[in-house]
Amino acid sequence: MTAKEPAQVKLLSGGNPQIAKGYGHAVVQSYIDAMPGWKQDVGRRLDTLITEAVPDVVKAVKWNSPFYGMEKDLWFVGFHCLTRYVKVAFFKGAHLSPLPPGTSKQANVRYLDIYEGRPFDEAQLSDWVRQASALPGEKM
């Protein structure tokens, strides 16, 4: 009898991993481990920066995306794989200074898009994360 092969994670549109809803570090790591190609390194770096900026952060995967908050089901940031980039969503981003560059149809949401081979300002991202964590979380 041979050991069972681990199940392959299905990649959805844009290469976003399909991960069952769950709470905690392990489920977020499962999502990151399933991110395709260069996006996996971005996911690892984002998780590290968020955790370093907010050591008591609560983590979850919902709607096939990692979410980070100060308490369960109240989130301040998340990210998602798209075809050409990783989209970081600040749910109360309109209250951050300076504003993250990406606008949204939702008044409070702002985005940072991270592309392959284009470095992003890690210090600025960490500052946005700290600012966002101090705001009331978004219930989702």
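Q: Which residues touch the most other members in the largest nonpolar core?

A: Leu46, Phe79 and Phe90 do, in a core of 31 residues. A nonpolar core here is a set of buried Ala, Val, Leu, Ile, Met, Phe, Trp, Tyr and Cys residues joined through side-chain atoms within 4.5 Å. Buried means under 20% relative accessible area, exposed means over 50%, and partly exposed is in between, with a 1.4 Å probe and protein chains only.

Q: Before we go on, what kind of model is this?

A: This is a predicted model, where local features need pLDDT of at least 70 and side-chain atom pairs count only at pLDDT 80 or more, while totals for chains, interfaces and linings use all residues. Residues are numbered from 1 along each chain as its sequence is written, and side-chain values use heavy atoms, with hydrogens and water left out.

Q: Back to that core, then. Which elements each supply at least two residues?

A: Helix H1 (25-34), H2, E4, E5, E6 and H3 each do. The H and E names are DSSP runs numbered from the N terminus: helices (H or I) have at least four residues and strands (E) at least two.

Q: And what is Leu46 in contact with?

A: Leaving aside neighbours within four places in sequence, Leu46 is in contact with Phe79, Val86, Val88, Ile114, Phe120 and Leu125. Contact means heavy atoms within 4.5 Å.

Q: What does the second, separate core include?

A: That one has seven residues, including Ala60, Trp75, Val109 and Tyr111. As a general point, nonpolar side chains tend to be buried together in soluble globular proteins.

Q: Let's do strands. How many residues of E5 are buried?

A: Six of the six, so E5 is largely enclosed by the rest of the structure. Tyr85, Lys87 and Ala89 point one way from the strand, while Val86, Val88 and Phe90 point the other way.

Q: Why two ways?

A: In a regular strand the side chains alternate between the two faces of the sheet.

Q: How many bridges join E5 to E4, and how many pair E5 with E6?

A: E4 and E5 run antiparallel and are joined by five bridges, and E5 pairs with E6, also in the antiparallel sense, over six bridges. Strands count as paired if DSSP finds at least two bridges between them. Cys81 stands opposite Val86 in E5, and Phe90 has Arg110 in E6 as its bridge partner. The link from E4 to E5 is a hairpin through three residues.

Q: What about E3, is it mostly covered or mostly open?

A: Mostly covered, with five of its seven residues buried. E3 runs antiparallel to strand E2 (residues 58-62), with five bridges joining them, and Gly69 in E3 is the bridge partner of Val58. E3 also pairs with E4 in the antiparallel sense, over four bridges.

Q: Which residues have a positive phi in those two hairpins?

A: Trp63, in the turn of the E2 and E3 hairpin, has a positive phi of about 50 degrees. In the hairpin of E3 and E4, Asp73 takes a positive phi near 70 degrees. Each hairpin has two residues between its strands.

Q: New topic: how many salt bridges does the count come to?

A: Six, where a salt bridge is a side-chain nitrogen of Lys or Arg within 4 Å of a carboxyl oxygen of Asp or Glu. In one of them, the side chains of Asp47 and Lys59 meet at 3.0 Å, N to O. Asp47 lies in helix H2 and Lys59 in strand E2, so this pair ties together parts 12 residues apart in sequence. Asp47 is buried at 6% relative accessible area, and Lys59 is buried too, at 8%.

Q: And what does Lys62 form a salt bridge with?

A: With Asp73, the closest N and O atoms being 2.9 Å apart. Lys62 lies in strand E2 and Asp73 in the loop between E3 and E4, so parts 11 residues apart in sequence are tied together. Both residues are buried.

Q: Last one: what does H3 pack against?

A: The buried residues of H3 (residues 122-133) pack against helix H2 (38-53) and strands E3 (65-71), E4 (74-81), E5 (85-90) and E6 (110-115). Among those buried residues are Leu125, Trp128 and Val129.

Note on methods. Expected span 1.5 Å × (residues − 1).
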